[in-house]
Amino acid sequence: MSDAALWTALADPHRRAIVALLLERSRPVGEIVEACGLSQPSTSKHLRVLKDAGLVRVRQDAQRRVYALEPAPIAALDAWLAPYRRLWNDSLDALGRRLDDAEEPPLSKD
């Protein structure tokens with residue numbers, strides 16, 4: 001699994017929606033199809049891309065295929081984003097301080 005494959009898999013909004021569904025719990029294909037509002041063949045193609053990228057795993061349960069989120073690649077993406085998150089947090093904290101300062105009422109001249 002390469003970083004490029006992870007980013008490519010997550011670039012599609014339908015695949016991100018599937019990942020969000022699987023974050024809640026494992027689901028059979030039929031339930032994913034219903035929740036996403038896509039056709040079964042289209043959903044299967046998206047699931048294959050996610051599986052090939054290592055983001056999901058599949059298990060057989062009788063006649064059903066049940067998909068689950070694979071946490072390791074998500075953790076790797078989170079680690080990659082960590083320095084950027086600190087940058088965003090620092091910027092947002094500075095903005096918050098400026099907004100707080102701007103909201104202080106002016107001193108009266110009494």
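Which residue in β3 is the bridge partner of Val-58? In this predicted model, the bridge partner of Val-58 in β3 is Tyr-67, and the two strands β2 and β3 pair in the antiparallel sense over six bridges. They belong to an open sheet of three strands, ordered β1-β3-β2 with antiparallel pairing, in which β1 and β2 are the edge strands, each pairing on one side only. Helix α2 packs on this sheet and touches β1, β2 and β3, its direction making about 90 degrees with that of β3.

Tyr-67 also has a place in the largest nonpolar core, which has 17 residues, and there Leu-22, Leu-50, Leu-55 and Tyr-67 touch the most other members. Two or more residues are given to this core by each of α1, α2, α3, α4 and β3. Leaving aside residues up to four places away in sequence, the contacts of Tyr-67 include Leu-22, Ile-32, Leu-47 and Val-56, as well as Ser-26 and the arginines Arg-27 and Arg-57.

| Side of α1 (residues 3–11) | Residues |
|---|---|
| Buried | Leu-6, Ala-9, Leu-10 |
| Exposed, on the other side | Ala-4, Thr-8, Ala-11 |

Seen down the axis of α1, the buried residues fall within an arc of 90 degrees, so they line one face of the helix. In general, an α-helix has 3.6 residues a turn, so residues three or four places apart point the same way. The buried residues of α1 pack against α2 (13–24), α4 (40–52) and α5 (71–103).

Methods. Residues are numbered from 1 along each chain as its sequence is written. This is a predicted model: local features need pLDDT of at least 70, side-chain atom pairs count only at pLDDT 80 or more; totals for chains, interfaces and linings use all residues. Side-chain values use heavy atoms; hydrogens and water are left out. Buried means under 20% relative accessible area, exposed over 50%, partly exposed in between (1.4 Å probe, protein chains only). Helices (H or I, at least four residues) and strands (E, at least two) are DSSP runs, numbered from the N terminus. The arc is that of the directions from the helix axis to the C-beta atoms. Contact means heavy atoms within 4.5 Å. A nonpolar core is a set of buried Ala, Val, Leu, Ile, Met, Phe, Trp, Tyr and Cys residues joined through side-chain atoms within 4.5 Å. Two strands pair if DSSP finds at least two bridges between them. Axes are lines fitted to C-alpha atoms, for helices over the stretch in contact, and angles run from 0 to 180 degrees between N-to-C directions.
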